[in-house]
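I opened this entry to record what I looked up on side-chain packing and on one selected residue.

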Amino acid sequence: MSRTLMAGESVTVRLVKGGRTKLRYPAVVVRDDGTHAVVRAPWAGAGPRDFGFVRFEEGDVFTEHYWRDRWYSVKEVRNAAGALKGWYCDVARPAEIGEDLVAEDLDLDLWLSADAATVLRLDEDEFDASGLAERDPGAAASARRALDELEALARAGGFAALLAEPVAG
């Protein structure tokens, strides 16, 4: 059963892969409208991680967007001074929010640089090797569609609208 998070509340984010928790960290809720939850957390890695196209390190702040009805999450990454590095997107099953906020990583990722000049599809080889297409063809198809949707949004400048706070009606 999913619950709605309250702004300012602390929540534990659990990133799951292959049925096991691969990362667990505390975050603070920015907002949650019952479908789209936004949390903020410092870089939770054990040390810096250099991907070649971006480096995540101590002091970086992640504003993370999770949906209960979409097959991805989007993490806006800023350095300690507040400068935007870009957006790291995980293709994942829709978020489950109970005691923890849980996202199940499905290997596919997308990177959009701060200047929007670089859009990279990542880890498609890992996804193909995961066996998801054989075990759960429907989930695999949803994951591929999610990556395509993220890439189209990135290339069309659609992240601002995707991540915007809903207008109160």
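With which side chain does the side chain of Ser73 make a polar contact? I found that the partner is the side chain of Lys75, at 2.8 Å. A polar contact is a pair of N or O atoms within 3.5 Å; within protein, one must be able to donate a hydrogen and the other to accept it, and residues adjacent in sequence count only if both atoms are side-chain atoms.

I note that the model is predicted, with local features needing pLDDT of at least 70 and side-chain atom pairs pLDDT 80 or more, while totals for chains, interfaces and linings use all residues. Residues are numbered from 1 along each chain as its sequence is written, and side-chain values use heavy atoms, without hydrogens and water.

I placed Ser73 in strand 7 (strands are DSSP E runs of at least two residues, helices H or I runs of at least four, numbered from the N terminus). Ser73 counts as buried because its relative accessibility is 2% (buried is under 20% relative accessible area, exposed over 50%, partly exposed in between, with a 1.4 Å probe and protein chains only). Leaving out residues up to four places away in sequence, I listed its contacts (heavy atoms within 4.5 Å), among them His65, Trp67 and Cys89.

I then turned to the largest nonpolar core, which has 23 residues (a set of buried Ala, Val, Leu, Ile, Met, Phe, Trp, Tyr and Cys residues joined through side-chain atoms within 4.5 Å). Tyr72 and Leu110 are among the residues touching the most other members. Helix 3 gives the most to this core, seven residues.
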